[in-house]
Amino acid sequence: MSEKQIELKKYVEQIEELSSISPHIMAVSNLLSEKNIVTEEEFYKEIKKFVKEQRETVASK
């Protein structure tokens, strides 16, 4: 496999993984919101922050 094919395969696997955890993230968001622990906006703000930190960590390697 070429380097581009390997990279593409990695991205496809990441997308598949994200689509499999998406329902879980939404369920957690709804539960926290229903229990008045955090708003959906606050929850997703933290998710975005986490993803950004993970990208920066991967990029620095």
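Predicted model: local features only at pLDDT ≥ 70, side-chain atom pairs only at ≥ 80, totals over all residues.
Residues are numbered from 1 along each chain as its sequence is written, and side-chain values use heavy atoms, with hydrogens and water left out.

Select residues 3–34, helix H1, and then residues 40–60, helix H2, which pack at an angle of about 140° with their axes 9 Å apart. That angle makes H1 oblique to H2 (under 35 degrees counts as roughly parallel, over 145 as roughly antiparallel, 65 to 115 as roughly perpendicular and the rest as oblique).

Next, show the side chains where the helices meet, with contact taken as heavy atoms within 4.5 Å: Ile 25, Met 26, Val 28, Ser 29, Asn 30, Leu 32 and Ser 33 in H1 meet Glu 40, Phe 43 and Tyr 44 in H2.

Centre on Ser 29, which is buried at 0% relative accessibility (buried is under 20% relative accessible area, exposed over 50%, partly exposed in between, with a 1.4 Å probe and protein chains only).

Finally, select Phe 43 and Tyr 44, whose ring centres are 5.3 Å apart and whose planes stand at 75°, so the pair is edge-to-face (centres within 6.5 Å make a pair; planes under 30 degrees apart are stacked, over 60 edge-to-face and the rest tilted). Phe 43 is buried at 12% relative accessible area, whereas Tyr 44 is partly exposed at 27%.

Conventions:
Axes fitted to C-alpha atoms, helices over the stretch in contact; angles between N-to-C directions. Helix = DSSP H or I, 4+ residues; strand = E, 2+ residues; numbered from the N terminus. Phe/Tyr/Trp six-rings, centres within 6.5 Å; stacked < 30°, edge-to-face > 60°.
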